[in-house]
Amino acid sequence: MTESTGYLEEQPGRADIDALTGPALLVFGTDWCGHCRIAERPMGRALTDHPGVQVIRAEDGPGRPLGRSFGVKLWPTLIFLRDGQEVSRLVRPTADGPIAEALAEIDGS
């Protein structure tokens with residue numbers, strides 16, 4: 001059995017994401033994706049300096065409208081939002097640096 005990384009099967013709608021306030025990180029992937037598991041450690045380290053960033057992990061795949069609305073093609077895709085608007089994105093990150101830079105951009109630090 002694989003340990004869950006917390007990807008939500010039931011996800012918010014696009015209108016809910018667009019209505020978010022403040023900094024948020026939207027992560028698309030699945031619990032069984034090897035690339036997603038690799039990204040968890042650097043993402044976790046980078047997030048320690050940004051406790052105010054809301055993190056939403058959305059399970060992606062066929063028939064998942066939220067991922068399609070953001071044009072997600074590969075996992076994990078990290079979308080960095082400020083007030084519901086996309087500021088930047090990373091696809092299959094493996095290092096802390098790019099994640100930390102994107103978080104600082106949306107978190108204002």
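In which loop is the place of Arg-64? Arg-64 sits in the loop between β2 (54-59) and α3 (65-69); helices (H or I, at least four residues) and strands (E, at least two) are DSSP runs, numbered from the N terminus. The model is predicted, so local features need pLDDT of at least 70 and side-chain atom pairs count only at pLDDT 80 or more, while totals for chains, interfaces and linings use all residues. Residues are numbered from 1 along each chain as its sequence is written, and side-chain values use heavy atoms, with hydrogens and water left out.

**Arg-64**
- The Arg-64 side chain reaches the backbone oxygen of Glu-9 at 2.6 Å.
- Not counting residues up to four places away in sequence, Arg-64 touches Glu-9, Gln-11 and Glu-59, where contact means heavy atoms within 4.5 Å.

**Ile-17**
- Ile-17 belongs to helix α1 (residues 14-18).
- With a relative accessible area of 1%, Ile-17 is buried (under 20% relative accessible area; exposed is over 50%, partly exposed in between; 1.4 Å probe, protein chains only).
- Neighbours within four places in sequence aside, Ile-17 is in contact with Pro-12, Leu-26, Ile-56, Leu-66, Phe-70, Leu-81 and Gly-84.
- A separation of 20 Å lies between the C-alpha atoms of Ile-17 and Ala-104, which are 87 residues apart along the chain.

**Strands β3 and β4**
- Strands β3 (residues 77-82) and β4 (residues 85-91) pair in the antiparallel sense over 6 bridges; two strands pair if DSSP finds at least two bridges between them.
- Thr-77 has Val-91 in β4 as its bridge partner.
- The hairpin of β3 and β4 has 2 residues between the strands, and Asp-83 takes a positive phi near 50° there.

Notes. A polar contact is a pair of N or O atoms within 3.5 Å; within protein, one must be able to donate a hydrogen and the other to accept it, and residues adjacent in sequence count only if both atoms are side-chain atoms.
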